[in-house]
Every structure is written in C-alpha cells, then in structure tokens.
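Here are my notes after going through this one with the structure open. Have a look at it yourself before reading on.

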Amino acid sequence: MTIVVVDDEISALTTFLVNVVNETKVDYKFFQNNPKECLSYVETNEVVGAFLDINMPEMNGLDLAEALLKITPAMKIVFITGCSFDVESIEKTFGEHLLGFAYKPFDTDVLNRYIDLIYSASFKPAIVYHCFGHFDFFVNGRPLEFYSSKSKELLALLVVYQGANVSMDDALCHLWPDKTTDLAKRLYRDAVWKLRKLLSENGLLFLVNFRRAHLALLPDYGQCDYWDYLAGKNRDYHGEFLLNYDWSFDYQNRLDVQSGL
C-alpha cells in the first residue's frame, strides 16, 4: 500500500522518513509543497492514506485533503502541524476520514501508530483474543508467536482490563509478585519491548497505547470470548479462564459465581 506525505519543509519530510524507515510494509511518496503533483499521483495510483501539512503556501492541507477525498473517498487523513488549529471544526469537516494530528517535532510512536491504523483500515485484519482455557491471540485465523511468555501474559492482562490503563505497578503485582522491585521493572520493560516488537512487525501497533507510565488496549478492535461473556453475548464458559496465570484466579472466581459453577 502507498501513503503520500506532503509538506513544504524538506526537513519535515526527511524527519518523517527517518522515523518510519523500518515500516517496510508501507510504500511512501513524498511531495515537497507540490499539491498538484500529489493529486496527479493519486489519480493514477492506489493510495490509502495521506499525511498532510496544514500550513502550506500553495495549497493548505485542508483544501488538499478535500481534493484527495474526491479522488479516493476511502482515504485516511492525518494532518501534520506545528501550530494550533480548530481541531473540533476539522474533525467535523472530515469525520471518519480523519485519523488525527501529527504534531511537529514528530513523535515516532505517534507516526507509527497512525501508519498501523491506515494499514488496518485498508486490510481490516480479523483480531481475536481467546481467554477461556489458555490465552491465545489470533490474527486472520493465525495464532501469533510471541517473543516471550511474559509478553504474551502482559497482553492477556491488557485484554482483561478491557481498555483501562494498566500501570507499571499493576503489571509488576500481577506478573512478577515474587521478584524484587528492580528485577521486576527490568522484566517488565523487556516484556513491553517484546510485545511492542511483535505488534509492530504485524502492523498492529495501534492495538496498544504504549505510554511511559501505563499501557492500555484499544478494545474497539477485535473480538474476545471474555468480553462477549460479560456483555451477555456468549455463554460458552466452562470454568477455565486464562490457565497458567496465577493472577487470573480472582477473575475466574467471579466468572464461576456469575455462571453458577
């Protein structure tokens, strides 16, 4: 898939390229303050997303976005800016086409997150979390192989939290209760790094909000037997929940009571 990037500053385009150089699943076409050339390119190529600088001399990014959407109505837009704008008005104008804003100086995590969102919107991977029995994570029917058991367990904890923030202290108490604080923190950082690596390699970095003080799963993407059960959509629970994870017992006891086991 191809994403176009339009900015009047060569330094911004260079920085963008440096920050996303490892995103090999995506092709990029860069335009330095040349909206007409960008429009011509989109007319003859399959483009799924655009990063557009709002403040450009020849044509501002808002007008360019409207022109691009007339050519490719399904395109996803991210606006690049170093200034403040009327975000609410822009969101109202572009609706579901707008993924958000990338503020200068660029944040690598933010850029990669938007790229993954564009990727997922284009290919719509089928994401399934399996919590009854042993935990598994499926993408398009295929279970992903984790880099470590603890990175897999960390994702399971995020799934159980259903989008709520999981602080580092929460993770340490659940996954490494018998370790010293210093060792547990090192193990936590290793698990976070390996989980992030796995998601990034599979175009799924958008699934988890990685922050220094906490992590959170985006529950809007994917299906989960545990979530469906809590919502009354699935009654297929037989007393087995996240087997092999000691911290899961409290959750299992609640499920047992709820189900009458």
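Which residue in E11 does phenylalanine 210 stand opposite?

1. That would be leucine 215: phenylalanine 210 faces it across the strands. Bear in mind as you read on that this is a predicted model. E10 and E11 run antiparallel, and three bridges join them.

2. Zooming out from that pair, the strands belong to an open sheet of three, ordered E9-E11-E10, with antiparallel pairing. E9 (166–167) and E10 are the edge strands, each pairing on one side only. H6 packs on this sheet and touches E9, E10 and E11. The direction of H6 makes about 65° with that of E11.

3. Now for H8, which covers residues 181–201. Its 21 residues reach 30 Å from the first C-alpha to the last, close to the 30 Å expected at 1.5 Å a residue. After H8 comes glycine 203, and the phi of this glycine is positive, near 65°.

4. Buried are Ala184, Tyr188, Ala191, Val192, Leu195, Leu198 and Leu199. Looking down the axis of H8, these buried residues fall within an arc of 130°, so they line one face of the helix. Asp182, Arg186 and Trp193, on the other side of H8, are exposed. I'd colour the two groups separately when you look.

5. What sits over the buried residues of H8? The cover includes helices H6 (149–161) and H7 (168–175), along with strands E7 (136–139), E10 (208–210) and E11 (214–217).

6. On to the hydrophobic side of things. The largest nonpolar core counts 68 residues. Those with the most contacts inside this core are Phe51, Tyr129, Phe137, Leu155, Leu207, Tyr226 and Phe241. H6 gives the most to it, with eight residues.

7. Setting aside neighbours within four places in sequence, tyrosine 226 is in contact with Cys131, Phe132, Val160, Gln162, Phe241, Tyr251 and Leu255. One of these partners, Phe241, is also listed with Tyr226 among the residues with the most contacts inside the core.

How values were computed
Residues numbered from 1 in each chain as written. Predicted model: local features only at pLDDT ≥ 70, side-chain atom pairs only at ≥ 80, totals over all residues. Heavy atoms only, no water. Helix = DSSP H or I, 4+ residues; strand = E, 2+ residues; numbered from the N terminus. Expected span 1.5 Å × (residues − 1). Buried < 20%, exposed > 50% of the residue type's maximum accessible area, 1.4 Å probe, protein only. Arc of directions from axis to C-beta. Contact = heavy atoms within 4.5 Å. Pairing = 2+ DSSP bridges. Axes fitted to C-alpha atoms, helices over the stretch in contact; angles between N-to-C directions. Core = buried A, V, L, I, M, F, W, Y, C linked by side-chain atoms within 4.5 Å.
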